[in-house]
Amino acid sequence: MGLGQGLLLALAILAVCCLPALFALVFCADEIIDRVACGWAEWRERRRERRTIARLDRAIEAEALTRDIDLTQFEREGRRPLEQLATDLRRLGGHRLAAADRSVVWHGAVIEAYDERLRAACHALGIAEHLAELDGVDREIERVRVEGLLHAAGLTLPAARAAHHQRHR
């Protein structure tokens, strides 16, 4: 057997061994192409989202907005979650606005609990408030100011807004 015949025999054996892989490649080509195309599309979408987020951060100067917030307050033990404070504020706000048929003592307790949750939410978000120091009309004005600041920070209090709309109808 010559060198040419040995090489030809080796190539024939290699072709027979690779034949199942070649059949699998031919029959699964559409699946492979689909996976590659989907992977490419997902990579492009993630890249586009990262670029959009980076542009939004630059546009609104996100670092400047969060620079004064002490993030360690969110990690301390026994802290009430901001979501729970928002739920309490909405519930107490509704009770506060619908207190016409309740006693003065009950209404005062609801106002005090509402103000305590406002103070806690302000403390969590790093917003200055003076509710504990004021009383009467000054306290009402401070409450409206704090509600506005909390709303600007993303904490919506729908009970207060609904009453505001009803008052001006």
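**Close-up 1. Helices α5 and α6 cross at roughly 45 degrees in this predicted model.** Here α5 spans residues 104–125 and α6 spans residues 136–152, and their axes come within 11 Å. Each axis is a line fitted to C-alpha atoms over the stretch in contact, with angles running from 0 to 180 degrees between N-to-C directions. Helices are DSSP runs (H or I, at least four residues), numbered from the N terminus.

**Close-up 2. Side chains where α5 meets α6.** Contact (heavy atoms within 4.5 Å) involves I111, E112, Y114, D115, L118, R119, A121, C122 and L125 of α5, together with R139, R143, V146, E147 and L150 of α6.

**Close-up 3. V146, a buried residue.** V146 sits in α6 and has a relative accessible area of 0%; buried means under 20%, exposed over 50% and partly exposed in between, using a 1.4 Å probe and protein chains only. Beyond its neighbours within four places in sequence, V146 touches L118, C122 and E129. L118 is 28 residues away in sequence, yet the two C-alpha atoms are 7.5 Å apart.

**Close-up 4. Helix α2 and the residue after it.** The 32 residues of α2 (residues 29–60) reach 46 Å from first to last C-alpha, close to the 46 Å expected at 1.5 Å a residue. E61 follows α2, with a positive phi near 50 degrees.

**Notes.** Residues are numbered from 1 along each chain as its sequence is written, and side-chain values use heavy atoms, leaving out hydrogens and water. As this is a predicted model, local features need pLDDT of at least 70 and side-chain atom pairs count only at pLDDT 80 or more, while totals for chains, interfaces and linings use all residues.

Technical notes: Helices (H or I, at least four residues) and strands (E, at least two) are DSSP runs, numbered from the N terminus. The expected span of a helix is 1.5 Å times one less than its number of residues.
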